[in-house]
Amino acid sequence: MAHEQHIEAVFATGAVKPDQFPPSSAPEIAMIGRSNVGKSSLINTIVRHGNLARVSNTPGKTQEINFFATDAGFGLVDLPGYGYAKVSKGKREQFSELIKAYLLQRENLAGVMVLVDSRHDPMAIDLAMIEELEFAGRPYVVVLTKCDKRKDGAVSERVKEYQFLLSNCQHVVDIIATSSKTGDGRSQLIGIMKRLSHQFIETAS
Ligand SMILES: Nc1nc2c(ncn2[C@@H]2O[C@H](COP(=O)(O)OP(=O)(O)OP(=O)(O)O)[C@@H](O)[C@H]2O)c(=O)[nH]1
Ligand SMILES: [Mg+2]
């Protein structure tokens, strides 16, 4: 069995506008995706902490960016969910100004985890987010969530589907199947996050 990786994390701060972002220091890895896709759960799974990031059955509740500091060489960032009817104002404003400001401006953003629900066919709004990241030139990983709810064969078909869809993308790093319930994909994801952070530091210096 692979060596268990332990990560300590603490909540640093929450921000509802860019001037509340904490000073950019360590490289950051951000979680983004539709409301309810499992962003907060994945952070809790990565740090093996049941309720560090708030998990909710009410989609679209968290409209702030939550910053967590860790001892793994990178910070973790929980972005507000997008695509929830009550908070999105039509197609032209799919992503909030806060999300866009973070993705475009954050200096120490080393990589983005784009979470997509493994149970659904690729959705236009997720592909629109991937386009935003391609435009912003940010390295990103497509993270399939809730894979415990799918048969293994269906998960690998889904991975292939995204591989095909993203075959011409410049900034996609990997496509990973995960479950916050079973921990599947956790160590693989941590490995990628560490690598992205190292690469970020090397290119910045
Ligand atoms: N079975 C299963 N359920 C999951 C998994 N990940 C998240 N969930 C459930 O999905 C629901 C939403 O999870 P959250 O982590 O709060 O999702 P979120 O993306 O942070 O949602 P917002 O903050 O509203 O954008 C909760 O009921 C979780 O328990 C998973 O891997 N497997
Ligand atoms: Mg959340």
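Predicted model: local features only at pLDDT ≥ 70, side-chain atom pairs only at ≥ 80, totals over all residues.
Guide: The expected span of a helix is 1.5 Å times one less than its number of residues.

Visitor: How do I apply the rule to helix α4, and what span should its 14 residues have?

Guide: Helix α4 covers residues 152–165, and at 1.5 Å a residue it should span 20 Å; its end C-alpha atoms are 20 Å apart, which agrees.

Visitor: Which residues of α4 are buried, and which exposed residues does the face turned away from them carry?

Guide: An α-helix has 3.6 residues a turn, so residues three or four places apart point the same way. In α4 the buried residues are Val155, Arg158 and Tyr162. They cover an arc of only 60 degrees around the axis, which puts them on the same side of α4. The face turned away from that buried side carries Gly153, Glu157, Lys160 and Phe164, which are exposed.

Visitor: What do the buried residues of α4 pack against?

Guide: They pack against two strands, β6 (140–145) and β7 (172–177).

Visitor: For helix α5, which residues are buried, and what covers them?

Guide: Helix α5 runs over residues 186–204, and its 19 residues reach 27 Å from the first C-alpha to the last, close to the 27 Å expected. Its buried residues are Arg186, Leu189, Ile192, Met193, Leu196, Ser197 and Phe200. Seen down the axis of α5, these buried residues fall within an arc of 135 degrees, so they line one face of the helix. What covers them includes β2 (28–33), α1 (39–46), β5, β6 and β7.

Visitor: In which sense does β3 pair with β1, and in which with β4?

Guide: Strand β1 (residues 9–15) pairs with β3 (residues 65–70) in the antiparallel sense over 6 bridges, and Ala9 has Thr70 of β3 as its bridge partner. Strand β3 also pairs with β4 (residues 75–78) in the antiparallel sense, over 3 bridges, with Asn66 opposite Asp78 in β4. Strands β3 and β4 form a hairpin with 4 residues between them, and Gly73 in the turn has a positive phi of about 95 degrees.

Visitor: Taking the protein chain as a whole, what pattern does it follow along the sequence, and which radius of gyration does it have?

Guide: The chain has 5 helices and 7 strands, in the pattern β-β-α-β-β-α-β-α-β-α-β-α. With 205 residues, a compact globule would have a radius of gyration near 17 Å, and the chain has 16 Å, which agrees. Buried residues make up 40% of the 205 residues, and residues 24 or more positions apart account for 74% of the contacts with a separation of 6 or more.

Note on methods: Residues numbered from 1 in each chain as written. Chains lettered and ligands numbered in written order. Rg over C-alpha atoms; globule rule 2.2 N^0.38 Å. Buried ≥ 20, exposed ≤ 12 C-beta atoms within 10 Å, placed from the backbone. Contact = placed C-beta atoms within 7 Å. Arc of directions from axis to C-beta. Pairing = 2+ DSSP bridges.
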